[in-house]
Amino acid sequence: MTDTIDQLAGLQADHALHAIRHQRAKVALATQACEDLLLGSELPSTLSQAERLVLAAEQARVSGITVLQQLYQQRAQALALPPALRRVLDEHGCTTGDARLDAMRHFVRSLSLEPAQSDRQALLNIPAAGVSVDDTVLLAQLIGFVSYQARVIAGLQAMVAAGSQGEVPVADAAAAPAFVHPANLPAPGEPLRRNGCTSETLDWKSWLPVLDPATATPDQQHTLDVSHPKARTMDFYLLLCRQPQVLLERSQAFNAIMYAPGGLSRAEREVAATAVSRVNGCVYCASVHAQRFEQLAKRNDVMAQIFDDPHTAGTQARERAIIQAAITLTRDPAGLGAAHIQALRAAGLNDLEVLDMLHAAALFGWANRLMLNLGEAVYLNT
């Protein structure tokens with residue numbers, strides 16, 4: 001079976017990093033399943049496969065991941081492309097004169113590196129140009145997925161560039177000073193509010209019409225059943241369930257990345273997720289994952305630092321290395337290099353832990369783009 005990420009990262013079956021990546025077989029399988037669904041020929045949609053491939057190539061180009069851009073360009077060029085799509089591939093700055101395509105391409109470009117810079121009107125312009133609400137959700141999922149996929153490739157390329165891992169120093173936990181909760185912070189479990197960020201529970205409101213559970217199809221009913229105990233009352237799931245199979249595949253990837261046993265600790269995965277969300281400006285995701293970190297680690301000092309200034313955050317070397325690599329992967333995926341991997345290793349992470357960190361950071365490039373550009377966070381206590 002073809003594995004696009006192995007192929008583009010140069011991971012042959014005999015490569016040491018191939019064996020490490022496939023220790024997370026569920027992540028690899030779920031990632032490929034998402035690609036096959038979102039960019040394959042069998043997905044029922046008014047967005048043609050050619051349109052989806054061209055838009056994916058455009059996003060990979062803007063993200064700076066050339067090998068992914070070239071792959072999707074080649075797949076698109078193998079199809080019969082109408083002139084407007086051909087222009088998107090050949091003339092990156094042009095408008096096509098096709099209002100529907102131009103609205104979708106604007107959405108892709110604005111979300112590629114600056115997801116917080118898109119807005120409600122950019123989203124609403126897509127159905128206004130003739131794309132169904134269901135397929136507008138599909139487009140948002142495609143953008144999120146390619147963002148994630150590009151960053152996983154960038155992370156693995158950096159690991160390849162860093163070469164084989166030598167012996168990794170193991171931190172001496174006994175030598176670490178006993179944790180003392182900072183006096184200026186609320187106790188863990190109490191809301192942390194700093195610099196426009198919070199660890200309190202927020203709601204989220206869709207900008208598009210959500211699914212009515214009473215009229216959902218059997219596939220949609222099943223997806224709601226397995227997605228979340230409160231999925232039938234949450235706008236996020238009721239909106240994404242307009243594309244039930246895509247939501248199912250995304251959930252498989254999410255769970256495999258955030259909850260896999262071993263490797264990077266659950267709390268450190270939450271550090272990466274919160275750092276990415278803070279840099280991307282996603283208050284909702286930052287609140288959820290700061291809260292989860294507090295529940296796991298019984299402290300909130302590093303969350304306060306991330307909220308204040310992620311570029312200087314981290315209470316110790318591991319956290320600082322994780323946060324800095326997550327920021328680079330988020331803001332400049334093509335700029336992630338061997339030095340970032342070596343810094344993670346020097347801080348005590350083994351290569352499976354590095355991979356887990358990269359997966360978590362890449363995943364929240366996807367999650368943030370959904371939260372920021374399909375709706376908005378709602379404060380419950382205002």
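Me: How far apart do the centres of the positive and negative side chains lie in the protein?
Reply: The model is a predicted one. Lys and Arg count as positive, whereas Asp and Glu count as negative. On that basis the protein carries 31 positive and 38 negative side chains. The centres of the two sets are separated by 2 Å.

Me: Which radius of gyration does the protein have, and why can it be said to agree with that of a compact globule?
Reply: The C-alpha trace spans about 65 × 55 × 40 Å along the principal axes of the protein. For 382 residues, a compact globule would have a radius of gyration near 21 Å. The value for the protein agrees with this expectation, because it is 21 Å.

Me: What percentage of the residues in the protein is buried?
Reply: A residue counts as buried when its relative accessible area is under 20%. The accessible surface of the protein comes to about 15600 Å², and carbon and sulfur atoms hold 52% of it. Of the 382 residues, the buried share is 56%.

Me: What share of the contacts with a separation of 6 or more comes from residues 24 or more positions apart?
Reply: The protein contains 18 helices and four strands. Among contacts with a separation of 6 or more, those between residues 24 or more positions apart account for 72%.

Me: Is Ala260 buried or exposed?
Reply: Ala260 lies in the loop between α12 and α13. Leaving aside neighbours within four places in sequence, Ala260 is in contact with Arg24, Asn255 and Arg269. Its relative accessible area is 13%. Since the cut-off for burial is under 20%, Ala260 is buried.

Me: Which residues does Thr274 touch, not counting residues up to four places away in sequence?
Reply: Thr274 is placed in helix α13. With 0% relative accessibility, Thr274 counts as buried. Beyond four places in sequence, Thr274 touches Ala286, His289, Ala290, Met303, Ile306 and Phe307.

Me: What is the phi of Asn195?
Reply: Asn195 is found in the loop between β1 (193-194) and β2 (197-198). Asn195 is exposed, with a relative accessible area of 53%. Its phi is positive, in a residue other than glycine, and is near 55°.

Me: Where does Lys298 lie, and what is its phi?
Reply: Lys298 lies in the loop between α14 (283-297) and α15 (301-308). At a relative accessible area of 58%, Lys298 is exposed. Lys298 is a residue other than glycine with a positive phi, near 60°.

Me: What distance does α3 reach from its first C-alpha to its last?
Reply: Helix α3 comprises residues 25-39, a run of 15 residues. Its buried residues include Val27, Cys34 and Leu38. At 1.5 Å a residue, the expected span of α3 is 21 Å. The distance reached by α3 is close to that expectation, at 21 Å.

Key. Residues numbered from 1 in each chain as written. Predicted model: local features only at pLDDT ≥ 70, side-chain atom pairs only at ≥ 80, totals over all residues. Heavy atoms only, no water. Helix = DSSP H or I, 4+ residues; strand = E, 2+ residues; numbered from the N terminus. Rg over C-alpha atoms; globule rule 2.2 N^0.38 Å. Buried < 20%, exposed > 50% of the residue type's maximum accessible area, 1.4 Å probe, protein only. Contact = heavy atoms within 4.5 Å. Areas by Shrake-Rupley, 256 points an atom, 1.4 Å probe, with all protein chains shown as cover. Charge placed at Lys NZ, Arg CZ, Asp CG, Glu CD. Expected span 1.5 Å × (residues − 1).
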